[in-house]
Amino acid sequence: MSSHGHGGSQSSGGGSTLLGYIGIDTIIEQMRKKTMKTGFDFNIMVVGHSGLGKSTLVNTLFKSQVSRKSAGWARDEKIPKTVDIKSVSHVIEEGGVKMKLTIVDTPGFGDQINNDNCWEPISKHINEQYEKFLKEEVNITRKKRIPDTRVHCCLYFISPTGHSLRQLDVEFMKRLSHSVNIIPVIAKSDTMTVEEKQEFKQRVRKELEMNGIEFYPQKEFDDDMEDKSDNDKIREAMPFAVVGSDKEYQVNGKRVLGRKTAWGIVEVENPNHCEFAQLRDFLIRSHLQDLKEVTHNIHYETYRARRLNENGGLHPICDTQDSNL
Amino acid sequence: MQEPQQQHQDHGGHEADRENEGQDHPHTPSYLRPPVAGRAQSDSGSEPSLTQSKCVEFDLPSPVSPSRPKSPWSLFDPYDNNEDKEYVGFATLPNQVHRKSVKKGFDFTLMVAGESGLGKSTLVNSLFLTDLYKDRKLLNAEERITQTVEITKHTVDIEEKGVKLKLTIVDTPGFGDAIDNTECWKSVADYIDQQFEQYFRDESGLNRKNIQDNRVHCCLYFISPFGHGLRPLDVEFMKALHEKVNIVPVLAKADTLTPTEVQKKKIKIREEIEQYGIKIYQFPDCDSDEDEEFKQQDLELKESIPFAVIGSNTVVEAKGKRVRGRLYPWGIVEVENSAHCDFVKLRNMLVRTHMQDLKDVTRETHYENYRAQCIQSMTRMVVKERNRNKLTRESGTDFPIPMGPAVSESETEKLIREKDEEDIMQTVPETLINKVKKQFLC
């Protein structure tokens, strides 16, 4: 067997220098194998009034037709009278990793004349998922892997007015940033020039700060210096100004996703054109697991603590199916 | 500014480069799979495509697409080159999952049990290349008489290739050393239960941020090579603990046996284990998609139980190499030579292939069993108290001090009690625990 570096391992028990390599680092490989077998769940909610390109963006993010609109539901259905919550799930696979992706759509949000309290059905849905999980967790015979329907991430679509946030945006984010990870994005940003985009972003960020809205990644949950510096860079760049598309065009001999206009092709994945690639890398390639962890360790725990404290405890489980004796 | 230039090419009837919108293209990269639920048809977008143009050029240089920042995953990166690949990127998910664990480090609790003098300490030192027992004082026979079975813990931090492991060794000195060894495993069983209980309390509490996990993940049980298979004490110990902890039986000091003797003993011990219904730790079965070599190794592993081991704290020179071993006048026993003993198999199993599984089985099976039993017994307590209150018409709290053993009950009483228990079972365990806590811990 090979010894690494100076050979042998260090121990704080007055260390031995006897030869060899134990092989502790292989535990990473063991964990990988196991998690790859069990697969992952990821639940993402999209919120914003209709026409902001939510479904298209989600399809672009996951390079598959995963949104509700692609699941065959009528494209021109009427705007519902209250906010609907509609979920659609798919299993997608890449590099041997299987992910059960659930998109929670919220048609009707912000579309009414009077939008008072239109965040309530959304808040209710989020809390219902926490409740479901809690019930499973306190069961006597627990499932090995509790199915996770909790919303891990809420993409909030800001309309690219170029002015500032709307009142509804502020209200929604204020109320929900404490129970779910909110990631604000500026939708359809190809309506703004580079300068307009910068100004708008700054204004939006200032407003978010003024209103005390802690979007993800929240400052208070940075674990260590390394996390903090990574996350600071991301926070500086947020909200990401994105463009979505599921159509491909040929540019410079390569096929790229984009929107074709009379004056040019907007390349979705070109960082000079929009910040989609940054959003995607942040959301999927580096912080996907962290989104789940913050949801589980912080938002869910907050909910759980509140439930355990109120009325001297949880209400009895009504569903006899759950308590198998 | 961008200036699209359109090149008009005449292909006659050929429309190879027609820009069709939203359809599958011939070179869909292999990483990309459509969702299992079936790909919905995108609308046939009636916008007339530019039939003649092939490519539209821009003045801005277009970057390698999709562009992405330098991967933090280095050699664990599933996307091993930066070329033009149309992937989403979530295959890095396993890496993300373990990034935090790697930062925090892993922990593992190993218990060693068996009579003194079977080489337990030496084996532990050999396995983890530590000197946990350097300043130990060995007791003589008189001193041992008055000893009860102690439980001692040693913790050591080991780091290898950037991975940190906090290893805890739980030792059971005094086990099997007395003249009368009846129930000498009790303190061991109690210790294991205590760790479960502490975890259960923590897990049911309000603040779950930093729960210490001291549960025992694996117990190496040392069988003496001098007997004819299992002794009564061995059987009783393993039966008392096989539902609380993963037991891995080990044939100690195997250098006192010839290879044939080792084989015979292993077969006999395996038979006896089955005969007495002892549930030792089972290696999980191989997936059908594992390669043949892995399957072969797995089979060999299963047939090596109990592992015939030899340990050594000294380094000797054998065939020009420095190895861990034992020097005899008739030869040198090399600890890490698989022809000499199963040390390497044990170490690989314990550390390199099954460490995670040992922890998982502890968590998912042994701990869950404990938890279920705990909740049931707490429920029984509640029901008893309720009945007692009904009889004495006292308006007490739900949980007065528990009384002595219940009087034997009739059949009807039993049915009533069971129904009561069922009702209470509907209440969330956490409420029960909190009430118990308040009552008994304040």
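Modeller: Chain A has 8 helices and 10 strands, where helices (H or I, at least four residues) and strands (E, at least two) are DSSP runs numbered from the N terminus. This is a predicted model, in which local features need pLDDT of at least 70 and side-chain atom pairs count only at pLDDT 80 or more, while totals for chains, interfaces and linings use all residues. Residues are numbered from 1 along each chain as its sequence is written, chains are lettered from A and ligands numbered from 1 in the order in which they are written, and side-chain values use heavy atoms, with hydrogens and water left out.

Colleague: Happy to dig in! Why is Val185(A) called buried?

Modeller: Buried means under 20% relative accessible area, exposed over 50%, and partly exposed in between (1.4 Å probe, protein chains only). Val185(A) has a relative accessible area of 0%, so it counts as buried. This residue sits in strand E6 (residues 182-186) of chain A.

Colleague: And what is Val185(A) in contact with?

Modeller: Contact means heavy atoms within 4.5 Å. Leaving aside neighbours within four places in sequence, the partners of Val185(A) include Leu155(A), Phe157(A), Pro239(A), Phe240(A) and Leu279(A).

Colleague: What makes Gln30(A) buried?

Modeller: Its relative accessibility is 10%, so Gln30(A) counts as buried. Gln30(A) lies in helix H1 (residues 26-38) of chain A. Not counting residues up to four places away in sequence, Gln30(A) touches Val351(B), Arg352(B), Thr353(B), His354(B), Met355(B) and Gln356(B).

Colleague: Which residues of H6(A) are buried, and why do they count as being on the same side?

Modeller: Asp227(A), Asn231(A), Ile234(A), Arg235(A) and Ala237(A) are buried. They cover an arc of only 160° around the axis, so they lie on the same side of H6(A); the arc is that of the directions from the helix axis to the C-beta atoms. On the other side, Met225(A), Lys233(A) and Glu236(A) are exposed.

Colleague: What covers the buried residues of H6(A)?

Modeller: The cover includes helix H5 (194-210), strand E7 (240-241) and helix H7 (276-286) of chain A, together with helix H1 (93-104) of chain B.

Colleague: And how much of chain A counts as buried?

Modeller: Of its 325 residues, 56% count as buried.
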